[in-house]
Amino acid sequence: MVRVKSTVASHRRKKRLFKKAKGFYGDRKNHLRLTSDAVMRALAFNYRHRKHNKRNMRKLWIIRIGIAAKINGMSYSRLINGLKKAQCSLNRKMLADLAVRDPQAFSSVSQTAKGALAS
């Protein structure tokens, strides 16, 4: 019987792994054992940091909204509470965008929130 070697498949696996390690420093890019560890670690951090990026963007939006709310004479929490009472469905991303790009529109939104809190 002929001996079966899986060279094509193993070369393909190695090639795929080394391709993911492109740009790594030192032996981590061209030694199989070190490369596999480095790539697995990098993929784990990649997954984790995608979640962190979402968290960080929400933080940034809240900071921007808070500053714009202070300029319009109210706190962040009172602004959000007023918008909820007014049933305004603007999310934090859109509010932050308004605060940065169109301050007059943001002030009208904050007036709406003030009116909802007053009534």
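These legends describe an overall view and close-up views of one predicted protein chain. The model is predicted, so local features need pLDDT of at least 70 and side-chain atom pairs count only at pLDDT 80 or more, while totals for chains, interfaces and linings use all residues. Residues are numbered from 1 along each chain as its sequence is written, and side-chain values use heavy atoms, with hydrogens and water left out.

**View A. Overall fold of the protein chain.** The chain has 5 helices and 0 strands (DSSP runs numbered from the N terminus: H or I of at least four residues for helices, E of at least two for strands). The radius of gyration is 26 Å, well over the 14 Å that the globule rule gives for 119 residues, so the chain is more spread out than a compact globule (the radius is taken over C-alpha atoms, and the rule is 2.2 Å times the number of residues to the power 0.38). Along the principal axes, the C-alpha atoms fill a box of roughly 90 × 35 × 20 Å. Of the 119 residues, 22% count as buried (buried is under 20% relative accessible area, exposed over 50%, partly exposed in between; 1.4 Å probe, protein chains only).

View B. Arg12, Arg13, Lys14, Lys15, Arg16, Lys19, Lys20 and Lys22 gather in a surface patch of positive charge. Patch residues have over 30% relative accessible area and no salt bridge, with like charges joined within 9 Å and nonpolar side chains (Val, Leu, Ile, Met, Phe, Trp, Tyr) within 5 Å. Lys and Arg count as positive and Asp and Glu as negative, without His and the chain ends; the charge is placed at NZ of Lys, CZ of Arg, CG of Asp or CD of Glu. Lys14 lies in helix H1 (residues 7–20) and is partly exposed at 37% relative accessibility.

View C. Ile63, Ile67 and Ile71 form a nonpolar surface patch with about 340 Å² of accessible area together (Shrake-Rupley method, 1.4 Å probe; for residues, only the protein chains shown count as cover). Ile67 belongs to helix H2 (residues 32–71) and is exposed, with a relative accessible area of 51%.

View D. Ala99, in helix H4 (residues 92–101), is buried at 16% relative accessible area. Ala99 and Arg64 are 35 residues apart in sequence and 6.9 Å apart in space, C-alpha to C-alpha. The side chains of Asp97 and Arg101 meet in a salt bridge (2.7 Å, N to O), defined as a side-chain nitrogen of Lys or Arg within 4 Å of a carboxyl oxygen of Asp or Glu. Asp97 and Arg101 are 4 residues apart in helix H4, so about one helical turn separates them. Asp97 is partly exposed at 35%, whereas Arg101 is exposed at 69%.
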